[in-house]
Structures are given as structure tokens and as C-alpha cells.
Amino acid sequence: MVKVYYSRVTSLPMSADQMSVGEMLAATVPMARTLNLEFLETTPERAVVRLPDQADYHNHVGGPHAGAMFTLAESASGAIVIAAFGDQMHRAVPLAVKAEIGYKKLAMGVVTATATLGRPIADVVAELDAGQRPEFPVAIAIQREDGAVTGEMTVVWTLRPNA
């Protein structure tokens with residue numbers, strides 16, 4: 001079980017022993033709750049998050065708004081970061097450094113983001129152990145229900161050591 005220490009981030013009484021990573025993110029990240037994101041799978045190797053089809057978050061052509069898809073993908077990247085590095089939260093805080101997204105095809109209906117970690121966990125932790133501020137990419141594919149990739153995003157994260 002991944003241990004995550006959120007006591008300095010939120011006043012919600014929770015621990016990794018009581019909640020899944022997806023439940024924690026939904027409870028602590030207001031945008032995840034606002035968009036009703038569904039955390040389907042969260043492991044250190046892969047995170048899958050679904051954005052339900054909701055008219056309130058449609059764009060001018062009736063599909064999910066680009067901002068909603070960005071939030072979906074960024075949330076999937078955050079989920080995999082917490083799953084992979086949750087045991088490091090007592091000494092470092094994860095922060096998104098930069099993100100780039102490309103919208104490839106028209107997204108309509110339900111869309112799902114699948115995130116994968118771009119570096120071995122052990123390498124990132126070794127840099128943290130050496131007193132460095134490691135950076136690592138997370139690649140995310142956004143897909144329609146028919147499997148078509150509608151967008152691709154990369155988020156570069158860092159683990160900033162606590163002072």
C-alpha cells in the first residue's frame with residue numbers, strides 16, 4: 001500500500017490506508033470533483049481517468065471543452081505521480097513543472113486519459129536521495145470510447161525537497 005501524507009495539504013482526516021489514490025485526489029483537488037472525474041486505475045505504472053460526457057463542460061461543437069480535457073490529462077498524471085512517489089511525500093512535494101498538449105481529433109462523448117511514467121521510479125528516488133530536485137515526464141493519451149486518440153499530453157513533474 002502506498003503511504004501518502006496529506007496533513008499539511010488538507011485538513012481532511014485520511015490516509016492511504018483508508019482511501020485509494022483516486023479517492024484522495026477527488027477529495028483534495030476541487031477541479032477533479034467539479035468535473036466528476038472517475039479514477040478507474042491508479043498504479044505506479046499506469047493511471048486511467050475518465051471524464052463523463054457532461055453538457056456543462058462541452059465546447060462550441062458539443063464535445064468536451066479543451067480545458068476539461070487538459071484537466072483530465074493532468075489529473076491522470078497527478079494520480080500516477082502520487083501512486084509512484086507517495087512514499088516520498090514526507091520529504092518532498094510533487095509539482096508540475098510544465099505541460100504540453102496536442103489536440104489530434106475531435107473528442108465527443110466520454111473521454112479517458114491514460115498516463116504512463118517516463119522514468120524508472122528508482123532513478124527518480126536516487127536523485128532525490130542525492131539531494132537533487134529530480135524531474136520526470138508523464139505521457140498521457142486521451143481517447144474516445146471508440147479508441148481513437150483525440151489528444152496527447154506530456155507533463156513534466158518534479159519532486160521538490162522539503163526545506
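Predicted model: local features only at pLDDT ≥ 70, side-chain atom pairs only at ≥ 80, totals over all residues.
Residues are numbered from 1 along each chain as its sequence is written, and side-chain values use heavy atoms, with hydrogens and water left out.

Helix α3 covers residues 66–85, and its end C-alpha atoms are 28 Å apart, which agrees with the 28 Å that its 20 residues should span at 1.5 Å a residue, because the expected span is 1.5 Å times one less than the number of residues.

## The overall fold

The protein has 4 helices and 6 strands, which follow the pattern α-α-β-β-α-β-β-α-β-β along the sequence; helices (H or I, at least four residues) and strands (E, at least two) are DSSP runs, numbered from the N terminus. Buried residues make up 42% of the 163 residues.

Among contacts with a separation of 6 or more, 65% are accounted for by residues 24 or more positions apart, where contact means heavy atoms within 4.5 Å.

## An aromatic pair

The whole structure holds 1 aromatic pair. Phe 85 and Phe 136 form this pair, which is tilted, with 4.9 Å from centre to centre and 45° between the planes; rings of Phe, Tyr and Trp (its six-membered ring) pair if their centres lie within 6.5 Å, and planes under 30 degrees apart count as stacked, over 60 as edge-to-face and the rest as tilted. The pair links distant parts of the chain, since Phe 85 lies in helix α3 and Phe 136 in strand β5 (residues 135–144), 51 residues apart. Phe 85 is buried, with a relative accessible area of 0%, and Phe 136 is buried with a relative accessible area of 0%.

## Two loops

Where is Met 108 found? Met 108 sits in the loop between β3 (92–103) and β4 (111–117), and at 36% relative accessibility it counts as partly exposed.

Asn 36 is found in the loop between α2 (30–34) and β1 (38–42). Although Asn 36 is not a glycine, it has a positive phi of about 60°, and with a relative accessible area of 41% it is partly exposed.

Definitions and conventions: Buried < 20%, exposed > 50% of the residue type's maximum accessible area, 1.4 Å probe, protein only.
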